[in-house]
Structure formats: C-alpha cells, structure tokens
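Dear colleague,

Please find the structure below, with a short account of what was found in it.

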Amino acid sequence: MRPVSISPSSLGPSTDFAVATGVAPRPVPQLVPFARTGGDGGQERPGMGWRSDSRRGEARPKKHPVPDSEKMEVQPHHRLGGERDAVEDYLEPGRKAAVYTTIRFAKQLGKTVLEIGLRPRAHSQPLCAGCGQRCPGYDTSEPRRYEFVPLWGIKVFFVYARRRTNCPTCAIHVEVVPWVQGKHHLTTTFSWFLARWAKRLSWKEVAEAFQTSWSSVFRAVEMAVLWGRDHVDLSGIKAVGIDEIQWQRGHHYLTLVYQIDEHCKRLLWIGKDRKVKTLLRFFRWFGKERGKVLEFVCSDMWKPYLLVIANNANQALHVLDRFHIMAHLSKAIDEVRAAEVKDLKAKGYQPVLTRTRWLLLKRPENLTGVQEGKLTDLLRYNLRSVRSYLLKEDFQLFWEYVSPAWAGRFLDGWCKKAMRSRLEPMKKVARMLRAHRDLLLNWFRARGTISSGSVEGFNNKAKLTTRKAYGFRTFRAIEVALYHTLGSLPEPESTHRFC
Ligand SMILES: [Zn+2]
C-alpha cells in the first residue's frame with residue numbers, strides 16, 4: 001500500500017493548522033461527554049443528532065449530561081466548518097475521505113489531550129483493503145484513536161470508527177483510511193515525524209520527548225524503513241564494500257554491504273551471519289544485472305565472501321581493504337601480548353606489559369604525551385609483543401606505495417621477516433597475506449577510484465548504532481536501526497514537514 005502523510009495543507013481549504021485543529025478561539029458552549037460517543041462517535045447515525053449534509057447547519061449534537069462516574073474533564077468543544085475541513089483521500093485525489101465532527105479536550109492519564117472526531121463523508125462507500133475498490137459497507141467497528149503529531153506538547157488523536165466492507169470479491173475487510181496504515185495506532189504523519197527525530201536522537205529519547213513508547217518509535221522507524229527500502233534507487237552502483245560486525249555476545253555476526261562510490265555512500269544491505277549463503281542472499285536481492293556491472297568490490301579476506309564475490313561479480317576488481325588487514329595485524333598483536341603477559345607472570349618477572357594494550361594497538365601519531373613516553377620505555381625491552389608491534393608499524397609503509405609491483409616486493413620482504421619472527425599469530429597473518437597477494441595488490445590498482453576510508457567509517461558508525469541502542473535484542477530491531485541511520489533511505493515528499 002502506498003503510505004501517505006497527512007499534513008495541515010491536506011486538511012482542507014483552511015490551511016492554518018491551528019484553525020484546523022479547532023484551537024482558534026471560537027468556543028461553542030456545549031458539553032459533549034467523550035465516553036458517550038463510544039459506540040458510534042464520529043459516525044453519522046440518525047439517532048445521534050449529528051447534522052447531515054442535507055440539513056447543513058440545522059441540527060446540533062445533543063446535549064448529554066456528564067454522569068459523575070465519568071471523571072473525564074470535558075472542555076467546550078469547537079465546531080469546525082464541517083465538510084470544508086476534510087481529510088483528502090489519497091487514493092482519489094480531490095475526493096474527501098472523512099469529515100471532522102468534533103474537536104475537544106479530554107483527559108488521558110491525568111493529562112489533557114486533544115481529540116479530533118472524524119466520520120466518513122456522507123454517502124461515501126468504504127475502500128476495500130483487499131482490492132482497493134469502493135464497496136458496500138458491512139458494519140462499523142468501535143471508534144479507535146489514532147495518534148497525530150502533538151501540538152505544543154498536547155497529545156492529539158483522531159477518533160474514528162472504521163467501517164467494514166462487504167466486498168463481493170474479497171469478503172469482509174476493515175476499510176482503508178488515508179491517515180493510517182494497516183492496524184497501526186499512529187497516524188502516518190506522526191510515524192514519519194517520530195522516524196525523522198529518531199535519526200537525530202536515540203529511540204528512547206524520542207519516546208520520552210514525545211510522550212510515547214519505545215515500541216511506537218520502533219514501529220514508526222520500521223514503517224519509514226519499509227517505505228524507504230521499497231523506493232530505494234539502485235541504479236549506477238559501481239563500488240561496494242562488504243564488512244561484518246559482531247552483535248550480541250559470542251560469535252554472532254552481521255554482514256553489511258555498503259555502496260562506496262565517491263558520489264554516494266550508504267548502507268545497502270544487512271544479512272544475519274557471514275556465511276556463503278548470507279552473501280548469496282545479497283546478490284539475489286541486488287540482482288544479477290547489477291552484480292555484473294560492479295567495478296569494485298572491497299572486502300575482508302574472509303573465505304566465504306571471497307568465494308561468493310568471485311562467482312557473482314568476477315568482472316569487478318576485488319580489493320582487500322586496508323582497514324580489515326590492519327585489523328588482522330592488531331588482533332595478532334593482541335594475541336602475542338596476552339600470551340606474553342601470562343608467561344611473564346608465571347615466571348615472576350616485572351609486569352612491564354600491564355596497561356600497554358592501547359600503546360601497541362594505537363597508531364603512534366594518536367598517542368598522548370604520557371603514552372608516548374611509556375611506549376619508548378617499553379620498546380627497550382626485547383619482548384615478543386614489542387617485536388610484533390614493530391612488524392605491524394613496518395607494514396604501514398606498504399600502503400604508501402604507488403606502483404603495485406614495488407608494493408608487491410615490499411610485501412614479499414615483509415612476509416619473509418614475519419615468517420622468521422617466531423611469533424605464531426604474526427606468521428599466521430603473513431601466510432594469509434601471501435595467499436591473497438594478488439587481491440592485496442588490487443588496492444593499488446583501484447587507488448583513487450574508491451574511497452578507502454569509507455568501509456572503516458561505516459564500520460565505526462554501525463558499531464556505534466548497535467552499542468548506543470539498548471533494547472535492540474532482536475535482529476529485526478538492529479536491522480531497522482542500521483538501515484535508518486546508515487541507509488540514506490528516501491522519504492515521501494510531503495506538503496508539510498514537522499521537523
Ligand atoms: Zn475487495
């Protein structure tokens with residue numbers, strides 16, 4: 001279904017939202033109890049005394065005394081211009097889907113809320129949810145409240161009793177209304193409003209700021225993501241980067257595919273796990289034709305990825321990116337260091353290696369003054385950790401080369417050194433680099449055409465998103481959050497933006 005956002009300008013000729021919501025000072029001193037409209041509020045019924053279209057301006061709502069048992073504070077409601085202020089039907093532009101009846105203040109959990117009563121346009125037939133055609137009505141369900149964008153901190157609800165359609169082809173369905181999608185209780189406008197804020201604040205903060213629940217914000221973001229994914233433009237993608245991040249505890253991974261073209265960088269796809277099957281699903285989603293015109297694919301040396309890339313985008317230059325390779329080296333240093341700390345402790349030596357982890361993992365230019373001093377001290381020891389650190393720093397030179405041939409020579413030299421180091425984790429990395437020599441040198445062949453730092457940048461942002469957002473225990477939630485923050489998804493054009 002095509003979603004629609006209701007904005008003040010679609011509310012009818014009186015474009016001023018303050019007028020449309022009845023806040024303009026035009027009070028009619030009448031009391032209408034909220035609860036009494038329960039059964040057929042908003043629905044035109046002969047017995048209710050609502051004026052009908054033919055007797056415009058004659059009949060007024062009946063006065064009902066408020067029973068003491070109903071402790072609802074009801075303010076004088078404001079009558080609007082009836083059919084003039086209608087919610088336009090997005091399926092048939094120009095045709096009104098509903099008409100305002102009453103606008104009043106009510107109490108909800110001790111707080112004042114604004115309720116806007118709606119009823120179907122007179123003599124209108126409901127829209128079938130199955131076939132999208134107008135069909136005869138079957139009956140009318142209980143009125144429900146649909147939350148709209150709050151006004152000056154006051155919650156705003158549409159109150160509408162949905163009709164059920166008696167469609168000759170699709171049996172009985174609840175009618176389609178333009179301001180809400182499916183069974184949501186948030187209006188589409190409010191959902192987009194929350195989703196836009198959820199790009200700037202955490203979901204929890206959005207829920208607190210707009211007095212709604214975390215799950216409402218989640219559903220709003222989910223709606224925005226679904227719409228965006230349906231309307232995403234996949235044309236002209238030349239370079240993609242494949243990355244994995246850990247989520248949850250233990251060995252749970254997500255495979256993320258980014259577009260890393262100079263002109264457009266965004267998250268394209270997320271899959272659970274990092275198996276052959278996972279990446280195959282990406283290519284299935286992406287489409288064979290689009291896979292065949294990829295020019296660059298950037299990834300880690302992870303075997304399942306290499307296999308799938310070779311099979312599905314073999315014309316593309318496959319680049320092993322710097323970020324992932326340096327991550328392998330850092331991991332090797334970490335292993336060497338951890339083993340050595342244990343060893344030194346067992347042999348009763350001074351604990352020179354405690355609190356040195358970041359000294360060895362950080363780039364020297366990023367160290368603070370104190371850290372620099374500590375590192376200089378540490379480097380005087382002939383420790384295995386120090387030797388592996390120096391090997392890693394040495395490898396940084398590799399990336400400075402311009403010609404693939406010279407870079408290759410450097411790589412061979414480095415691997416030889418690493419293999420003689422008697423440091424098993426470093427030797428492992430060296431073996432891996434040797435095995436992927438060609439792909440590594442593609443880095444120099446692709447130089448300048450793909451943006452090298454983008455995979456690393458996305459990786460950091462993705463990790464931040466998953467870390468920041470507590471409550472993301474399910475894959476669905478994390479998927480929605482990542483697409484929302486990193487996907488650059490399109491949004492429908494609306495006549496009015498609330499934020
Ligand atoms: Zn139908």
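The zinc ion has four protein donors, Cys128 (SG), Cys131 (SG), Cys167 (SG) and Cys170 (SG), at 2.2 to 2.3 Å from the ion. Donors here are N, O and S atoms within 2.8 Å of the metal (3.2 Å for Na, K and Ca), and since water is not among the atoms, sites may look incomplete. The model is predicted: local features need pLDDT of at least 70 and side-chain atom pairs count only at pLDDT 80 or more, while totals for chains, interfaces and linings use all residues. Residues are numbered from 1 along each chain as its sequence is written, and side-chain values use heavy atoms, with hydrogens and water left out.

Along the chain, the donors of the zinc ion follow the spacing C-x2-C-x35-C-x2-C. The arrangement is tetrahedral because the four donor atoms subtend angles of 101 to 116° around the zinc ion; four donors count as tetrahedral if all angles lie between 85 and 135 degrees.

Cysteine 131 is partly exposed at 34% relative accessibility, and cysteine 170 is also partly exposed, at 21%. Partly exposed lies between buried (under 20% relative accessible area) and exposed (over 50%), with a 1.4 Å probe and protein chains only.

As to confidence, the chain has a mean pLDDT of 77, and 78% of its residues reach 70 or more. pLDDT is the predictor's confidence in each residue, from 0 to 100. Over residues 1–86, pLDDT stays under 50. Where pLDDT is low, the predicted coordinates should not be read in detail.

Yours sincerely

Methods
Tetrahedral: all angles 85-135°; square planar, octahedral: opposite > 155°, others 65-115°. Contact = heavy atoms within 4.5 Å.
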